[in-house]
Amino acid sequence: MSLLRADGFPEETVRARAKTGPDGAFPDPGGYGNTLYGYTPAAGQPGDPIDELRLVPPVFVPQRLAKLIDLTREPVYTDVALDTVIGGFPSALPVYLSAFGSTQAASVDLGVAASRQAGRLGIPMVVGENVTPVNGYGRIEEDPQRSLLARISGYAQEVADSRGGVAVQQSTEDADAEVWNLVYSDPNVQPLLESGRLAFELKVGQGAKPGLGGMTVLDAATAGRLADAFTIDPAVGAEHGTRLRSSSPGTFTEEILRQQIRLMRNNYPRARIWVKLPPARDVREAAGVAWSAGADAVTVDGAEGGTGWAPLAFLQHAGLPLGECLRRIGDPPSCLLVSGRMWEGARVAKCLALGATAAGLGRAALLAVDTDPENGLVNLIECLALELRMLTSALGKYHVAALSREDVWAAGGWCAP
Amino acid sequence: MTQTRPAATGHQELPGTPREHLSSPVTRAAAIIQYRMLTAVREYLRGQGFTELLPPVIGPVTDPGARGAKQVDVDYYGHRYKIMTSAILYKQASLALFDKILCIAPNVRLEPLETASTSRHLAEFHQIDVEMANASREEAMALAEGVVGAAVRGAVAGAAEELAWLGRDVNQLSELVSAPFGRRSHADAVADLHSMGHSQNPDAEINWVAEAILSREASRPFFVTDYPKGSRGFYDRESRDRPGVLRNFDLIATEGYGELCSGSERESDYATIIARIRETGENPAKYGWYLQMLREGIPASAGFGIGVERLTRYIAGLDAVWQASVYPKVPGVAAP
């Protein structure tokens, strides 16, 4: 375990689940027989619209009857199917590994460890923007272990032939390094491409700092090397000998977004096209443009999301909560992916009920592989999967895709967009 | 850690060793045909008032409009430079010098590996690049037709023996360029493909398989016009009357040989180009020198690029485009 911290995130619980797996879905077994259990009001984040929702099982369960007829026995939670299709990729679970970007906390060992475990789980993985311009691609560099190719190779070595997939992000500055062109023509990536398991994700924005581009803190020498490609702010970090590197947020209009997606489909006909949106006030309109231009998936990163460096003013005050993004989008016409404080089954189940196809794990995944580089993420997700099965079964349903708005209750009502 | 192998789909014979390829009578015949062809094209364009320029090989930025192909980076005294994927930006800029310019330009594109089996892609190739100030798309198409006609006539006149040895019917070849080429819009081509049961995205470039189908069906070379925005680079001008439709064209050969040439009226308005650069996902900052020239004003223009090796392959009737290159680089295959 490193010194990795995630203040304001349920770090201890996530690390415990990374060690114990499904046991983490229950209270400490040491308390069994001598402790009384019940609702704990402190659970969740006050003010988070998703945490404030409750999942509400019904008495009458026609889908359970159908399952009973199918099985010729009473169904239980282990009968719930979790497999789904995420942005064109068959996935074992409605969960994917979110992009970490090139932030130092996620670089090298943790990124590769997370990639390997995501492959083993059979869930898709997104590789963040700026990994190539900052850490390199890995084909002829001196240290391929830091690179984009190391993450893709780690994933491909573990994943089963018919599961998962890799989505590679590119932002405006990444276009200079031609990340997508490089990946699309690389012999090492051909097995994923030929089996339909490569996607390119156009990064329009991100949750933790909507309206800003990606940010990392670099030592002065690295900052000098990247000065041609990025904005380097010498005023930030000067006392520590570091520099703040910023990407631009990129300029978008409806037409720019539409045409960028069409060009991606034109240039990479064998890759899936994903679009990542920030928790913006026009998220519904932007998602609509992306789907109608042919995006295979739209990812919405709630303001609760993020793994990397961000200004405090943005972390505390900017962007819509994910729940409000889901309310504004309403019923998505195609695959909607969500991220933001995902680590356990209830939040994922609520998001699926509100229209999402799958949820992405960012910080939780990093903490899990930091706790146990071999099995931490697998353990965390096995625990999440158990919760998803129990919740879905309790709601009288036997496939996660059947979760719907009727399964959640909001104290003040959940107004349509 | 990188290994190179041909794409899984399809298979084509690859060039032998450099000595085998250079000793091959096919290579020799193709080289003679190509030389006669280029001589005739230069002569034809000289007669039309064009001046030939020697194009740059590297620059801070190059044409991003190539479908999924990676550019080659060069460390130019610490600056990231690119080997030209096409001469387009320089062609527009060169109109500050002459109104009608021509280059035979080398291009390098690290094409997707699947192109190794199309028989019509090379990672290193040349284009007959033409640009003319204040010209329309129709004038550019007429000129492209003239250039292909001149190339065929030059090859027939100067390399009849080689064409005959390769089994090319000289009379049939001459007949192909004796009448105006056909024309159809991208939308019509898509509709034709759909009626033949072939899937084709209406918002995208005609895919390689579809292009080969259309090419096989044609009795005479034909232009496809009006490609949708989102299928081409930012420099192809968008129609003012029909938003989303570009004032551009491709020239498609007969017999399944496919595309020979791409061209268009060019966008020359600074603010429009900035928006179009964003629509293609590019970072305007790296196009600094070109945008500065646009801001100061360059003439409206039209032009095209004809693939030299593809035209040679077509005229000579070769199985694969690499046979029309003396030092062929098939995508993904390491070769000198």
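Let me start with the largest nonpolar core, which has 109 residues, and in which A:Val95, A:Ala290, A:Val298, A:Leu337 and A:Ala356 touch the most other members. By a nonpolar core I mean a set of buried Ala, Val, Leu, Ile, Met, Phe, Trp, Tyr and Cys residues joined through C-beta atoms within 7 Å, where buried means that 20 or more other C-beta atoms, placed from the backbone, lie within 10 Å of the residue's own. Helix α16 of chain A, residues 376-394, gives the most to this core, namely nine residues; helices here are DSSP runs of H or I with at least four residues, strands are runs of E with at least two, and both are numbered from the N terminus. Apart from this core lies another, of 85 residues, including B:Val61 and B:Ala320.

This is a predicted model, in which local features need pLDDT of at least 70 and side-chain atom pairs count only at pLDDT 80 or more, while totals for chains, interfaces and linings use all residues. Residues are numbered from 1 along each chain as its sequence is written, with chains lettered from A and ligands numbered from 1 in the order in which they are written.

Turning to strand β8 of chain A, residues 215-219, we find A:Thr216 there, and this residue counts as buried because it has 24 C-beta neighbours inside 10 Å.

Finally, the interface: 33 residues of chain B are in contact with 28 residues of chain A, contact meaning C-beta atoms, placed from the backbone, within 7 Å. On the chain B side, the largest share, three residues, comes from helix α9 of chain B, residues 270-279.

Technical notes: Contact = placed C-beta atoms within 7 Å. Buried ≥ 20, exposed ≤ 12 C-beta atoms within 10 Å, placed from the backbone.
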